[in-house]
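Biologist: I am new to this structure and would like to learn how to read it. Could you take me through it feature by feature?

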Amino acid sequence: INKYVAYLRAHDVEPAITASTGIAATHINGMTIHSWCGIGIKTKLEKNDLTKITSSQYITRRVLRAKVLIIEEVSMLTGETLSMVDLVCQKIRKNSDPFGGLQVIFAGDFFQLPPVVKNIPAHFAFESDAWASANPVICYLTEQHRQDDDSFLSRHSALRHNTFEISHLEHLETRKIAPHAIPENVPKLYSHNANVDLTNDAILAKLSGEPHIFTLTSYGLEALVTMLKKGCLSPEILNLKVGAAVMFTKNNPKELFVNGTLGMVEGFDIESGYPIVKTKSGRIIEVEPMAWTIEENDKILAQITQFPLRLAWAITVHKSQGMNLDEAVVDLSGVFEFGQGYVALSRVKRLSGLYILGWNQRTFEVHPEIVNKDIQFHAQSKQAEREYGKSRKFKGKR
């Protein structure tokens, strides 16, 4: 997405960069789709709501300026929300075409975590009238860059095709460990926040030495700053000690770390006070503060600054979505949602990096509706490939 955004801007095409969640938005320097179109946390739009949104000069300028609307992690967006976005775009742009005539790019994997709406039955984005009227061209991406273990990858494929069998489970059972055998300094994935906080706080407290506390700073529009804070994996108050297991929470190609790189705090620089981290690969990095921003038309609307680190003894499965981990201990005995087990198991590159404490029946289940829809997506993608292949050949292009 970042490459595509750079391409669009190089050709003077202004994109609206959004995502269904704050965490996903921070990865692409965008904002939530809810903030972008002004619907906020609403689950439906009354007439007065729509009038207020379309009367906002700030929102109106934003929607009118965009030429392309990008929505990342569309799998976690409800169909009801997508329809509200469609309606807002039509009203502001005074155009009854889908999304007011905007080109729309949906990106995501419906096998991962589904929409989360408290106490309300939610529909997937593809079930909405907005999706149907937009009639998007399906491009199924088949090349993956996380796993390099073909045998392990075949287990993920079995989950996706709902063909997970005893033989696959036996393969995973070779990585099952007892609680007393948990390897040190390997991140742990839990289904619930309570387990995460309890684990991190308890282990940090056992470390000797003085704590070093780093506080997040911010500026910009309060609502957008709040969104950035919710989406940022680094905490507002980062408490570190020498020996703390940490995880990088942002990409920095220059320093050769990415969101998910693991390491340990070796010390703190005498002059700057910045933490010095030794990564799993042995690289020593003096970590500097980094910024998470929301930009629009090359202008920063909001920004938070913090060290791109968090304690890495434990993290929730939900917050691990999008991460690449070298190793992980996963406790799936409390899995309660379709796709939660799939997300957890697919965070690591190879089976040898996976340690499993336990699981329940829901761990290996994917939403039955997604299994059927995936067959349709595959067929639509192949059809699109054939049609666009003919178009390129007709135009004399390779």
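Modeller: Let us begin with T163, which counts as partly exposed at 39% relative accessibility. The general idea is that buried means under 20% relative accessible area, exposed over 50%, and partly exposed in between, with a 1.4 Å probe and protein chains only. Before we go on, this is a predicted model, in which local features need pLDDT of at least 70 and side-chain atom pairs count only at pLDDT 80 or more, while totals for chains, interfaces and linings use all residues. Residues are numbered from 1 along each chain as its sequence is written, and side-chain values use heavy atoms, with hydrogens and water left out.

Biologist: Where is T163 placed, and which residues does T163 touch?

Modeller: For placement we use helices (H or I, at least four residues) and strands (E, at least two), which are DSSP runs numbered from the N terminus. T163 sits in the loop between α8 (150-160) and α9 (166-173). Contact means heavy atoms within 4.5 Å. Not counting residues up to four places away in sequence, T163 touches A158 and H168. Another way to read a position is to compare sequence with space: T163 and F364 are 201 residues apart in sequence, yet their C-alpha atoms are 9.9 Å apart.

Biologist: How many helices and strands does the protein chain have?

Modeller: The protein chain has 14 helices and 18 strands. One of the strands is β16 (residues 314-316), and T316 lies in it.

Biologist: Is T316 buried or exposed?

Modeller: T316 has a relative accessible area of 6%, so it is buried. Leaving aside neighbours within four places in sequence, T316 is in contact with Y190, H192, N193 and V196.

Biologist: How should I read a nonpolar core, and which residues touch the most other members in the largest one?

Modeller: A nonpolar core is a set of buried Ala, Val, Leu, Ile, Met, Phe, Trp, Tyr and Cys residues joined through side-chain atoms within 4.5 Å. The largest one here has 80 residues, and those touching the most other members are W36, L69, L82, F99, W131, L172 and L354. Helix α6 (residues 79-93) gives the most to this core, with six residues. A second, separate core has 19 residues, including A244, F257, V277 and W313.

Biologist: What does F99 touch?

Modeller: Leaving out residues up to four places away in sequence, the contacts of F99 include L69, L82, V85, F106 and A134. D86 and R93 are also among them.

Biologist: Which residues have a positive phi although they are not glycines?

Modeller: Two cases to look at are N29, with a phi of about 55°, and K94, with about 50°. N29 lies in the loop between α2 (22-27) and β2 (31-32), and its relative accessible area of 29% makes N29 partly exposed. K94 is found in the loop between α6 and β4 (103-106), and K94 is exposed, with a relative accessible area of 78%.

Biologist: What is the radius of gyration of the protein chain?

Modeller: The radius of gyration is taken over C-alpha atoms, and the globule rule is 2.2 Å times the number of residues to the power 0.38. For 398 residues, a compact globule would have a value near 21 Å, so the 22 Å of the protein chain agrees. The C-alpha atoms fill a box of roughly 65 × 55 × 50 Å along the principal axes. Of the 398 residues, 48% count as buried.
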